[in-house]
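Colleague: Could you take me through this model? I would like to begin with its pocket and then turn to the helix packing.

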Amino acid sequence: MKELEQFLLRAESVLARVEKLLPAPAPEIDWSATAFRWRVNRDSRGHLQAVPHPSRIRLEDLRNIAPQKHAIEQNTKQFLEGRPANNVLLTGARGTGKSSLIKACLAQFADQGLRLIEVDKAHLVDLPDIVELIEQRDERFILFCDDLSFEEGESGYKALKVALDGSISSQSDNVLIYATSNRRHLLPEKISDNDGYRHVDDGDLHPGETVEEKISLSERFGLWLSFYPFRQEDYLDIVHHWLRHFGVPSSAFDEADAEALRWALQRGSRSGRIAWQFARDWAGKRTA
């Protein structure tokens, strides 16, 4: 009996050492949350982390992008109602509301079962694991990839292609991918890419393999939404909206306009983001 006790003690000691080398178990998922981030630990194990305070921006806060807003709102409604809907790629000028539009969809439809999962580009290779976690849930999930672009040979590029429609298994009907990018084709375009174009006898111009590859990922998104720089009057309209949001009376708008235009000139952009930043600064100084 004494030898057995000694053996058990040694076994417990060995097991204790082995446990220290094993990766920590994934934390329990808080499914009551409406927004999540995909986090990867140092041991390369990923897990869903609930976002306690998601963005509160509303669709009505996004101005002068009515066609894009209508299109994504309609697509999201179809998705929530179990009707056919598309993955969405939002591309174009910086600061024009691409990311905010996706976050506003969550605020609009969270009470109807919509959930948002933010996935960094570096973790796109984990898309099959993420889908496996959520495909049996009753909620409807949008996988949100922000500011997406790839360099040649990045592993996430092929993983995203497969997740969109290139896998042998069908895409889960409770998952869509919404991505934003400043590049329409998501990959850098070079002058040398044009070397692959060829003419045929009937005069048609056909792109080469390099160009076809760069276009192929974008084409897997069923819905493309393009965003363009704002005109001056559109920019000032957004400034006024946010000034009202921060409690500035409309009687002060004329005074703010000249400052708002100078603010935009210094930053080289008349975007919704610049308008929001100016309104915060100007309203904050007035209430000091």
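Predicted model: local features only at pLDDT ≥ 70, side-chain atom pairs only at ≥ 80, totals over all residues.

Colleague: How do the lining residues divide into nonpolar, polar and charged?

Modeller: The lining of the largest pocket has eleven charged, ten polar and eight nonpolar residues.

Colleague: Let us move to the helices. At what angle do α7 and α9 cross?

Modeller: Helix α7 (residues 232–245) and helix α9 (residues 272–286) have axes that cross at roughly 40° and come within 8 Å. Because of that angle, α7 counts as oblique to α9. The crossing of α7 past α9 is right-handed.

Colleague: Which residues meet there?

Modeller: From α7 they are Y235, I238, V239, W242 and L243, and from α9 they are G272, I274, A275, W276, F278, A279 and W282. Eleven residues of this contact of α7 with α9 are nonpolar and one is polar, with no charged residue.

Colleague: What about α8 and α9, how do their axes cross?

Modeller: The axes of helix α8 (residues 253–267) and α9 cross at roughly 130° and come within 10 Å. That angle is why α8 is classed as oblique to α9. In handedness, α8 passes α9 in a right-handed crossing.

Colleague: Which residues of α8 and α9 make the contact?

Modeller: On the α8 side they are E255, A256, E259, A260, W263, A264 and R267, while α9 supplies I274, Q277, F278, D281, W282 and R286. The contact of α8 with α9 comprises seven nonpolar, five charged and one polar residue.

Colleague: One more pair: how do α2 and α3 cross?

Modeller: Helix α2 (residues 66–80) and α3 have axes that come within 11 Å and cross at roughly 45°. The helix α2 is therefore oblique to α3. Its passage across α3 is a right-handed crossing.

Colleague: And which residues meet between α2 and α3?

Modeller: In α2, Q68, K69, I72, E73, T76, K77 and L80 meet L101, I102, C105, Q108 and F109 of α3. The contact of α2 with α3 contains six nonpolar, three polar and three charged residues.

Notes
Residues numbered from 1 in each chain as written. Heavy atoms only, no water. Axes fitted to C-alpha atoms, helices over the stretch in contact; angles between N-to-C directions. Helix = DSSP H or I, 4+ residues; strand = E, 2+ residues; numbered from the N terminus. Parallel < 35°, antiparallel > 145°, perpendicular 65-115°, else oblique. Left-handed = near helix turned anticlockwise from the far one by under 90°. Contact = heavy atoms within 4.5 Å. Nonpolar A, V, L, I, M, F, W, Y, C, P; charged D, E, K, R; others polar.
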